[in-house]
Amino acid sequence: MSSTRISLSPFIQSIKDTIDRHADEIAQLDQAIGDGDHLINLQRGIEALLKNIDEIEQMELAAALSKIGMTLMSTMGGASGSLFGSMFVTMGKQAKDKSVDFASMADIFQAGVGSVKARGKADIGEKTMLDTLIPAAASLQQSLVNHEALPVALEQMKTAAIEGMESTKEMLATKGRASFLGERARGHIDAGARTSQLMLCAIADVIIE
Ligand code: ADP
Ligand code: MG
Ligand code: MG
C-alpha cells in the first residue's frame, strides 16, 4: 500500500483551541468529582505534541499516531495520560498498511477505544471517557454499514459523543477517583467524557470544513 501521510497539525491545533476555550469548565468538572488536575494534564500533553509537531508532520500516519501516544504517555500523567496514550499507540499499530479512507479511520478509532477499555478495565456506563468514546466509535461503524456520506457520519458521531458525555451526569462512578464518592458523584459530568467529546467534535469539524 502507498504511504499514508496526513497533516495532523490542524487537528492538534483545533484540539488545543477547544480545550483552552473550555478550560474553566474542564477544571471545575475534575475539581467536583476528581482531584482537579485533568485540564492541566491534558494541556501539558497538548503542549508536548505542539513541541514535536514538525517531527510528527514528517511521519506516516501509523508512526505519527504512535509518536503522539508515546508523547502523551510520557508527559501527561494521570489516568487520562496512560489511557489516551495507549489509545494512540494502539491506533498507530492499527494504522499500519492502512489507507486513509473513512472505513479504515473508523476501524483505527474503534481499535483505539478498545485499548482504553482494556487498559482502564472499564466499559460503558461507568462514568468515564468511555461513555463518550464507545458511542462515538459505534456511530461511525453504523454509518459505514449504512453507507452514509462522510459529513453526515461525522455529524452523527458528534451527536453520539455529546449524548454520551451528557449521560455521565446522572451516573454513579465505578472506575477512577470519582468511584470513591458514591452518590456524591451524581449530578456532575465526568471530566474525561467532556474533554473526549470536545476533542472528537473538534476533529470532526476540521474534516467537515
Ligand atoms: P487522574 O484521575 O489520575 O487525576 P485525570 O484527571 O487526568 O487523571 O483523568 C481523569 C479521567 O480519566 C476521568 O474523568 C475519566 O474520564 C478517566 N478515567 C479514569 N479512570 C478510568 C478508567 N479506569 N477507565 C476509563 N477512563 C478512566
Ligand atoms: Mg484528575
Ligand atoms: Mg491526578
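Analyst: For what follows, Ala, Val, Leu, Ile, Met, Phe, Trp, Tyr, Cys and Pro are counted as nonpolar, Asp, Glu, Lys and Arg as charged, and the others, Gly among them, as polar. This is a predicted model, in which local features need pLDDT of at least 70, side-chain atom pairs count only at pLDDT 80 or more, and totals for chains, interfaces and linings use all residues. Residues are numbered from 1 along each chain as its sequence is written, while chains are lettered from A and ligands numbered from 1 in the order in which they are written.

User: What pLDDT does the protein average?

Analyst: pLDDT is the predictor's confidence in each residue, from 0 to 100. In this model 99% of the residues score at least 70, and the protein averages a pLDDT of 96.

User: How many nonpolar, polar and charged residues does the shell around ligand 1 have?

Analyst: A residue is near the ligand if its C-beta atom, placed from the backbone, lies within 6 Å of it, and 24 residues surround ligand 1, the closest being G78, G120, T128, G176 and G192. By class, the shell around ligand 1 has eight nonpolar, nine polar and seven charged residues.

User: Which helix gives the most to the shell around ligand 1?

Analyst: Helices are DSSP runs (H or I, at least four residues), numbered from the N terminus, as are strands (E, at least two). At least two residues of the shell come from each of α3 (38-51), α6, α7 and α10 (191-208). The one that gives the most, with four residues, is α6.

User: Why is α7 roughly antiparallel to α8?

Analyst: Axes are lines fitted to C-alpha atoms, for helices over the stretch in contact, and angles run from 0 to 180 degrees between N-to-C directions. Angles under 35 degrees count as roughly parallel, over 145 as roughly antiparallel, 65 to 115 as roughly perpendicular and the rest as oblique. The axes of α7 and helix α8 (residues 130-145) lie 9 Å apart, at an angle of about 150 degrees. Therefore α7 is roughly antiparallel to α8.

User: At what angle do α6 and α7 pack?

Analyst: Helix α6 (residues 78-95) and helix α7 (residues 102-120) have their axes 8 Å apart. Their packing angle is about 140 degrees, which means that α6 is oblique to α7.
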